[in-house]
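Please open the model in a viewer and keep the selection tool at hand.

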Amino acid sequence: MGKILISGAAGFLGSHLANELLRKGKYVIGVDNLSTGQETNLKELRKQHNFTFLNFNICDKEILKIKELGDVTEIYHLASPASPKFYQAFSMDTIEVNTLGTKNLLDLAKKNGAKFLFTSTSEAYGDPEVHPQSEDYRGNVNTWGPRACYDESKRLGEVYCYEYFYKFNVQVKVVRIFNTYSAGLRNDDGRVISNFVLQALAGENITVYGDGSQTRSFCYVDDMIRGLQLTMKTEKANGQIINLGNPDEIAILELAEKIKKLTNSQSRIVFHSLPDDDPKVRRPNIDKAKDILGWNPLIDLEEGLKRTIQVYKTRL
């Protein structure tokens, strides 16, 4: 049986994906340097006989010499800080993992004849002037700002994928992931849903940046993990960029009010200044995912938030 490599296995999406693949009886090798990934995400994974963990930086070319990776047949490249808080704090590392790290794993895929899935981002669209965003939109991205280390390195990662697909026939698929959530996000992640839920449950002020009119579209993690697996196994997805996200759009202020209501919180909603280059709107066109993958998100925001809040309540 071929092995499946997940880079970023100690992260939010990586650990969820590993759990699901292990549940299906797959053999998984997780690679992570634990810069933003967490040991706690590996706790249950390490108990599985069909899971191996390597504490390794994929930007090191020595990854091509690791014996355990010699029979890997599928590579999910999820390694990268994804929260603005962390990718801005580790900007150089973020640039490297999405460029040098991507190239190294593509070289491994080429060497092994393995399938390769690169998780890009909706941030590739920047502050979009087209709404909703479809895969043929080239984006409105600032190369000279605090978000550029993430946005632009992901875009260059896509370019590497393009080159390896067309020059070396590597079975490459690229997904642009839109905001994904569940209680699996680390408490200090800084992303909006984890922030709002924790603040509401603690009775603290719920902090909205700007006037809250900016919009986002939120996909529950179970739907995203299903989409990643469908992309990997679908031959028609080779050489394609595909949006994965929930097209239901909500204003950030409305989201804060919804979470306050669902948690029965007495928290006040307060407003802070908007960060530089924060996108005003964000909503995926998922026609391509429907057509090529037969994928559509099944869990609506209300249900996803209830699940998320319940788990956070249990932890607290």
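Select K65 first: at 64% relative accessibility this residue is exposed, where exposed means over 50% relative accessible area, buried under 20%, and partly exposed in between (1.4 Å probe, protein chains only). The side chains of K65 and E62 form a salt bridge with an N to O distance of 3.4 Å; the term denotes a side-chain nitrogen of Lys or Arg within 4 Å of a carboxyl oxygen of Asp or Glu. By this rule the count is 22 salt bridges.

The model is predicted: local features need pLDDT of at least 70 and side-chain atom pairs count only at pLDDT 80 or more, while totals for chains, interfaces and linings use all residues. Residues are numbered from 1 along each chain as its sequence is written, and side-chain values use heavy atoms, with hydrogens and water left out.

**Salt bridges across the chain**

Select D127 and K280 next. Their salt bridge has its closest N and O atoms 2.7 Å apart. The pair links distant parts of the chain, 153 residues apart: D127 is in the loop between β5 (115-121) and α4 (148-168), and K280 is in the loop between β13 (269-272) and α8 (287-293). Helices (H or I, at least four residues) and strands (E, at least two) are DSSP runs, numbered from the N terminus. D127 is buried, with a relative accessible area of 19%, whereas K280 is exposed, at 53%.

Move to D278 and R216, whose side chains meet in a salt bridge of 3.3 Å, N to O. D278 lies in the loop between β13 and α8 and R216 in strand β9 (residues 215-217), so the pair ties together parts that are 62 residues apart in sequence. Are D278 and R216 buried or exposed? Both D278 and R216 are buried.

**Aromatic rings**

Rings of Phe, Tyr and Trp (its six-membered ring) pair if their centres lie within 6.5 Å; planes under 30 degrees apart count as stacked, over 60 as edge-to-face and the rest as tilted. The count by this rule is eight aromatic pairs. Select F165 and Y166: the ring centres are 4.8 Å apart and the planes stand at 85°, so the pair is edge-to-face. F165 is partly exposed, at 23% relative accessibility, and Y166 is exposed, with a relative accessible area of 53%.

Then select Y181 and F218, an edge-to-face pair with centres 6.4 Å apart and planes at 90°. Y181 lies in strand β7 (residues 180-181) and F218 in the loop between β9 and β10 (219-220), so this pair ties together parts 37 residues apart in sequence. Y181 and F218 are buried. A further selection of Y125, Y137 and F178 shows one aromatic cluster.

Two lysines may be viewed against rings. The charged end of K3 sits over the ring of Y27, 5.3 Å from its centre; the criterion is NZ of Lys or CZ of Arg within 6 Å of the ring centre and within 35 degrees of the ring normal. K110 lies over the face of F168, at 3.9 Å from the ring centre.

Select E74, in strand β4 (residues 72-77). E74 is buried yet has no salt bridge; K115, the nearest side chain of opposite charge, is 4.5 Å away. Not counting residues up to four places away in sequence, E74 touches K3, I4, L5, A114, K115 and M232, contact meaning heavy atoms within 4.5 Å.

P297 is placed in the loop between α8 and α9 (301-315) and is buried, at 13% relative accessibility. Beyond residues up to four places away in sequence, P297 touches D223, R226, G245, N246, P247 and I286.

**Nonpolar cores**

A nonpolar core is a set of buried Ala, Val, Leu, Ile, Met, Phe, Trp, Tyr and Cys residues joined through side-chain atoms within 4.5 Å. Select I6, Y76, L228, L255 and L293, the residues with the most contacts inside the largest core, which has 57 residues. A second, separate core of 26 residues includes I29, L54, A109 and C161.

Notes
Lys and Arg count as positive and Asp and Glu as negative; His and the chain ends are not counted.
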